[in-house]
Amino acid sequence: MSTAPKLLQWVGVPFMCLVVIVVVRTVTFPSYQTRPPPCNATDQDFIPATRDRLDRLAGAVTFRTISYEPGRGTPEELLKFIAFIGDSFPVLHSSPLVTREVVGNFSLLYRVEGSDSSLNPGLLAAHLDVVPVTEEPGWEAEPFSGQQKDGFVYGRGTIDDKHNVMGQLEALEFHLKRGHRPRRTLYLAYGHDEEVSGYYGAQKIGELLEDRGVKVEFVLDEGLTVTKGLVPGVAKKVAMVGVAEKGYLTVKLSVRMKGGHGSMPEKESAIGILSQAVANLERNPQPNLWGSGPERDLTEHLATEMSVLHRVVTSNLWLFTPVMRWVMTQKAGTNALSRTTTAVTRFNAGIKDNVIAPEAVATVNHRVHPKHTIQEVLDHDVKVINDPRVKVEVVESLVPAPVSPSGPESPAYLAIQESIQQIYPDSLVAPSVMIGNTDTRHYWNLTSAIYRFSPNVMGPEDLARFHGVNERISIGDYERTMNFYFHLMLNVDRPLVVRRHEHDGDL
Ligand SMILES: CCCCCCCC/C=C\CCCCCCCC(=O)N[C@@H](Cc1ccccc1)C(=O)O
Ligand SMILES: [Zn+2]
Ligand SMILES: [Zn+2]
């Protein structure tokens, strides 16, 4: 047989088989998007973002409840914020159904007594504290002004996390004002030091509930959000519900050298050696693990909603995972889903222009992928630094969280999904991995159904607002936040049993 037909036989036929498999899988890939159950809400079942409600959010933002490090915050500001909350919701705070405990001196634990003791309580979490404001210029409004401008409320804490504190309380106040008596007991847990790991706040709340033998049906805390323009190939909004949460590892790098007079430097300095180590870490990221963990579910839940090319790739991850891994590393948000991230967040050295620094110290903040171990991350750091003069010390670590159930097997997840769809009817919903960390680490013993979701919309240009400049929430998003919790409190107020969901086509 001549070469051409042989080539055709050995290459052409297998290639055609591959094409057929790819096409068949693309057209038959299942849709995970389900149609929400009919919502029989009436016009009265709506919380408008009235002036007084917006002023309450703006007022909350004015309290500089800054956390600096574990055990070092702003107690006076926290006490003022707590008093402000007490004054802002009179029905809630005078209801015979509601008890409020101050835990760890500055955290709040509300309990709303349900009428049906056969139902396990639910727990909604958020946090009272915020991160400091850096010297970075660019704020369009004073960071603690709560200024309302161009349809936004500006300020530190407006999306992390005072919108959830105030949104949940507004929803509860609204329900109680209308005489609603929940069947399911509900806890509202507001830690005061989430931004410094929650050791004196949420941890104390978790321990208190454990000591009381409390088991909850679900926990919902801050988390991922409704996203727009963040998922490659998807034009619609995508609400990402964190069913998993990355771990974290904070590493201290230090170099000690002989100091001395600036006029007689040695060939290498502590600053130069440490700078090289940091540069090596940034040039050699932790391994790309995309597709090996729960982040894969996010993509597969959206495959049928993607543009053709993306749909071909995501319906055939058996073949295109290497392509997907490259695509997902092109932006900070998607890269954070794909690997353990490495962020050098502190670098300190030197005390004077003419003095050789005897020590240089840097801090590296890793967020650990669910399929990675703390030791593997450390081993990679040491290997990449490859310099025995650089001391590597673990400051703090947390293993990745257990993965919570999602989809038809998880009624609590479905109740969250339903509430999202009632507020964002045009949004897709998918499980995902919380790329930051939350107080939920302190609630692992209360339930296996832990979710991280904040009902505001984030686009590519908004990600930098977390802990950054011009943190703000749109009035529309705050209104949707309040109404998300309004509906959620109703959607969980029934036995949460597994319901078979027929996979629908489009939303
Ligand atoms: C396919 C597209 C994927 C795009 C993903 C991007 C989605 C963006 C939406 C939300 C991002 C949320 C991140 C912010 C986390 C907020 C909570 C927080 O700040 N937690 C602290 C807790 C902490 C951790 C360690 C030590 C002290 C405090 C944090 O994570 O730093
Ligand atoms: Zn937060
Ligand atoms: Zn934060």
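**Labels and their cut-offs**

Mentor: The chain splits into domain 1 (51-244 + 401-491) and domain 2 (247-398), with bounds that come from an automatic or database domain assignment. This is a predicted model, where local features need pLDDT of at least 70, side-chain atom pairs count only at pLDDT 80 or more, and totals for chains, interfaces and linings use all residues. Residues are numbered from 1 along each chain as its sequence is written, chains are lettered from A and ligands numbered from 1 in the order in which they are written, and side-chain values use heavy atoms, with hydrogens and water left out.

Trainee: Which residue coordinates both the zinc ion (ligand 3) and the zinc ion (ligand 2)?

Mentor: D160 does, and the two ions are 3.3 Å apart. E195 lies in the loop between β6 (186-191) and α6 (202-211), and H467 in the loop between β16 (450-458) and β17 (472-474), so that pair ties together parts 272 residues apart in sequence. Helices (H or I, at least four residues) and strands (E, at least two) are DSSP runs, numbered from the N terminus.

Trainee: Why is E195 called buried, and what is H467 called?

Mentor: Buried means under 20% relative accessible area, exposed over 50%, partly exposed in between (1.4 Å probe, protein chains only). E195 is at 18%, so buried it is. H467 has 41%, so it goes down as partly exposed.

Trainee: What makes R178 and D45 another salt bridge?

Mentor: Their closest N and O atoms are 2.9 Å apart. The pair links distant parts of the chain, 133 residues apart: R178 is in the loop between α5 (162-177) and β6, D45 in the loop between α1 (3-28) and α2 (51-61). D45 has a relative accessible area of 16%, so that end is buried; R178, at 41%, is partly exposed.

Trainee: And why is R51 called exposed?

Mentor: Because its relative accessible area is 52%. R51 makes a salt bridge with D55 (3.6 Å, N to O), and both lie in helix α2, four residues apart, about one turn of the helix. D55, at 37%, is partly exposed.

Trainee: How much area do domain 1 and domain 2 bury between them?

Mentor: About 1,900 Å², 69% of it on carbon and sulfur atoms. That's the accessible area (1.4 Å probe) that two parts lose on being put together, summed over both. In domain 1, P232, I435 and N437 lose the most area to domain 2, together 26% of what that side buries. As for contact (heavy atoms within 4.5 Å), 23 residues of domain 1 touch 22 residues of domain 2.

Terms used. Donors = N, O, S within 2.8 Å, 3.2 Å for Na, K, Ca; no water. Salt bridge = Lys/Arg side-chain N within 4 Å of Asp/Glu carboxyl O.
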